[in-house]
Amino acid sequence: MGPHHPSTHGVFRMDVVLEGETVVKLKPVFGYLHRNHEKIAEGTSYLGSMPYTDRLDYFCSLTNNWAYALAVEKLAGLQVPERAEYLRVITAELTRLQNHTCLIGFLVQDMGALGTPLMYAFREREKILDLFEELTGARMMCNYMRFGGCRCDAPSGWLERVKRVVAEYPRFLDEYEKLFTENEILMARTQGVGVLPGALAVNAGITGPMLRASGVNYDLRKVDRYGIYGRFSFRVPLGAHGDVYDRYMVRLLEMRESVKILEQALRDIPAGPVMDSKAKLRGFRPKPGEAYGRIEAPKGELGFYLISDGGPNPYRYRVRPPSFINLTVLEDMCVGQKVADVVIILGSVDIVLGEVDR
Amino acid sequence: MMVTARNFAGSYTDPARLVTVEYPEERLPQIENARTFPFLVYDGENAQAGLRCVACQICEKECPPQCIYIVKDTTKKRDHAGKLQMQPKIFDIDISVCMGCQICVEVCPFDAIKMDVAFEHSTGDRFGRLLLHKEDLAKPNSYYQRIHPTEAAETDARMAMERAKAEAKAKEMAAKVAKATETFDPGKTPGA
């Protein structure tokens with residue numbers, strides 16, 4: 001199937017062995033988009049890799065920035081000012097909102113709901129992208145975070161505008177729920193489809209909403225408490241069956257929790273600088289050592305592993321991409337299902353090929 | 001069905017969704033922070049004489065996709081603070097390679113390169129016209145002030161402070177020199 005199948009969201013193909021309409025064997029084939037990201041990063045300065053991280057998961061460039069900044073901060077021992085931490089949480093949660101919104105749009109499009117739901121999703125995403133453009137200068141390739149803080153402070157009135165968008169969001173989520181959650185076709189096509197048992201998910205290293213839909217309570221925002229996530233009160237929604245429907249529901253509930261985090265962050269954000277005074281852009285050479293920075297990206301655990309030899313560029317640079325690792329159980333989920341279900345199961349994994357192929 | 005119907009009706013009645021911007025006759029208001037491609041800032045009227053760039057090649061070295069190409073000129077010129085500085089003979093940016101990350105802007109110690117908001121770069125020529133030269137890239141400070149007012153005001157204030165400092169220092173030096181010449185003037189009779 002693919003690579004021009006509408007549900008493959010890019011350059012991706014699946015070798016499927018069928019018996020009638022039932023899947024017997026499945027092998028994902030990717031690598032068409034490979035850009036040598038890790039090797040390029042080993043050749044450019046620490047700062048120069050930051051805009052390249054935007055291009056990994058191009059839907060969530062701000063969370064990618066954060067994971068990389070976190071790794072370098074660990075390596076160089078930099079402190080992030082309060083305000084920058086809040087700005088990071090706000091941008092990361094906005095990213096999560098728009099990622100999940102679009103995913104649900106894509107998922108129902110895979111089921112044959114042509115146009116309308118995806119259009120609604122993109123309408124909401126547009127509002128968030130407008131906010132990103134105002135803050136960072138670009139809609140998708142934000143390149144906003146720096147080691148030791150953020151590149152610039154929020155422009156005047158920006159936080160007020162975020163507040164307005166966040167306040168409106170639950171209404172849109174209600175609308176979404178009304179459209180899909182009880183929808184007969186959606187329930188028939190997703191319940192009991194693509195079941196991923198919790199034990200298998202843990203063994204395969206699956207993270208993010210996919211793992212939580214299988215009933216495993218593991219969220220880095222709770223487990224690792226990176227940044228200032230320890231200060232916010234929010235719940236981690238869990239699924240029970242690990243099917244596509246649960247994955248859809250977990251994401252929907254997660255968006256509601258994101259709205260809660262955003263409300264708290266917008267309420268508490270202090271004034272002050274957004275960059276560590278010790279951080280520098282030119283001639284940045286961290287001491288020799290290694291560091292692994294990880295965050296709960298919308299798709300799962302996104303980690304950057306860096307080794308420094310004291311030079312201006314990393315000696316070793318490795319990305320742990322959630323999309324790529326979540327794809328490894330595609331065959332387990334698809335075998336025994338009908339060929340039409342493969343499309344929906346792939347849609348529920350939430351992949352961005354920029355991150356899979358790097 | 002209700003949701004769809006409400007959304008359908010909303011697209012005709014909701015004032016926020018009625019608006020269609022008829023580009024290129026109409027344009028959306030410019031966002032101050034927006035960025036597209038870099039340009040070079042010059043002070044005063046003459047693009048060549050007022051160019052702030054001193055060809056230090058830091059941006060060339062730091063540019064992640066390596067799309068900047070600089071060759072130094074052999075003659076030097078004075079910058080805004082009166083210091084003798086290098087200048088670029090060639091300054092090219094290949095905007096078909098540039099990814100608009102603004103790292104060149106951040107690393108420039110001379111406030112010479114800034115991000116533009118112009119986005120209409122399409123051309124029929126696939127290679128030549130997308131390589132912008134020094135002449136295409138140079139834009140006056142007034143343009144910079146118009147597109148990024150807040151940022152430009154900060155830059156101008158910082159540069160004015162540097163200039164004032166340099167002038168004060170030069171004055172001090174001149175006074176010292178004058179005093180020294182006065183003391184050791186061989187033509188003057190002491191006590192006269």
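This is a predicted model: local features need pLDDT of at least 70, side-chain atom pairs count only at pLDDT 80 or more; totals for chains, interfaces and linings use all residues.
**The interface**

On the chain B side, 21 residues are in contact with 27 residues of chain A. The area buried between the two chains is about 2000 Å². Carbon and sulfur atoms give 53% of that area.

Polar links also cross the interface. The rule finds 11 residue pairs in polar contact there, with both residues at pLDDT 80 or more. Three helices of chain B each supply at least two residues of the side that touches chain A: H1 (2–13), H4 (58–62) and H5 (103–107). The largest share, four residues, comes from H1(B). By type, the residues on this side of chain B divide into 12 nonpolar, four polar and five charged.

How many salt bridges does the rule find across the interface of chain B and chain A? It finds one. Arg146(A) pairs with Glu106(B), and their closest N and O atoms are 2.8 Å apart.

**An asparagine at the boundary**

Asn143(A) sits in the loop between helix H5 (116–136) and strand E3 (145–146) of chain A. Its relative accessibility is 0%, so Asn143(A) counts as buried. The side chain of Asn143(A) reaches across to chain B, where the backbone oxygen of Cys101(B) lies at 2.6 Å. Residues of both chains surround this asparagine. Leaving out residues up to four places away in sequence, Asn143(A) touches Met50(A), Pro51(A), Asp54(A), Asn65(A) and Arg151(A) in chain A. From chain B, it touches Arg35(B), Cys101(B) and Ile103(B).

**Salt bridges**

Over all chains, the count comes to 40 salt bridges. Four of them are listed here.

| Pair | N to O distance |
|---|---|
| Arg146(A) and Glu106(B) | 2.8 Å |
| Arg221(A) and Asp219(A) | 2.9 Å |
| Asp224(A) and Arg294(A) | 3.4 Å |
| Lys139(B) and Asp116(B) | 2.5 Å |

Take Lys139(B) and Asp116(B), whose side chains meet at 2.5 Å. This pair links distant parts of chain B, 23 residues apart. Lys139(B) is in strand E8 (residues 138–140), while Asp116(B) is in the loop between strand E6 (113–115) and strand E7 (131–132). Is Asp116(B) buried or exposed? Its relative accessibility is 4%, so Asp116(B) counts as buried.

Some salt bridges share partners. In this way Glu93(A), Arg96(A), Arg212(A), Asp219(A), Arg221(A), Glu254(A) and Glu296(A) join into one network.

The side chains of Asp224(A) and Arg294(A) form another bridge, at 3.4 Å. Its two partners are 70 residues apart. Asp224(A) lies in the loop between helix H10 (220–223) and helix H11 (244–268) of chain A, and Arg294(A) lies in strand E5 (residues 289–297). Asp224(A) is partly exposed, at 28% relative accessible area. Arg294(A) is partly exposed too, at 21%.

Leu70(A) belongs to helix H3 (residues 61–76) of chain A. Its relative accessible area is 13%, so Leu70(A) is buried. Which residues does Leu70(A) contact, leaving aside its neighbours within four places in sequence? They are Tyr226(A), Gly293(A), Arg294(A) and Ile295(A). Gly293(A) is 223 residues from Leu70(A) in sequence, yet their C-alpha atoms are 5.2 Å apart in space.

Terms used
Residues are numbered from 1 along each chain as its sequence is written. Chains are lettered from A and ligands numbered from 1 in the order in which they are written. Side-chain values use heavy atoms; hydrogens and water are left out. Contact means heavy atoms within 4.5 Å. Buried area is the accessible area (1.4 Å probe) that two parts lose on being put together, summed over both. A salt bridge is a side-chain nitrogen of Lys or Arg within 4 Å of a carboxyl oxygen of Asp or Glu. A polar contact is a pair of N or O atoms within 3.5 Å; within protein, one must be able to donate a hydrogen and the other to accept it, and residues adjacent in sequence count only if both atoms are side-chain atoms. Ala, Val, Leu, Ile, Met, Phe, Trp, Tyr, Cys and Pro count as nonpolar, Asp, Glu, Lys and Arg as charged, and the others, Gly among them, as polar. Buried means under 20% relative accessible area, exposed over 50%, partly exposed in between (1.4 Å probe, protein chains only).
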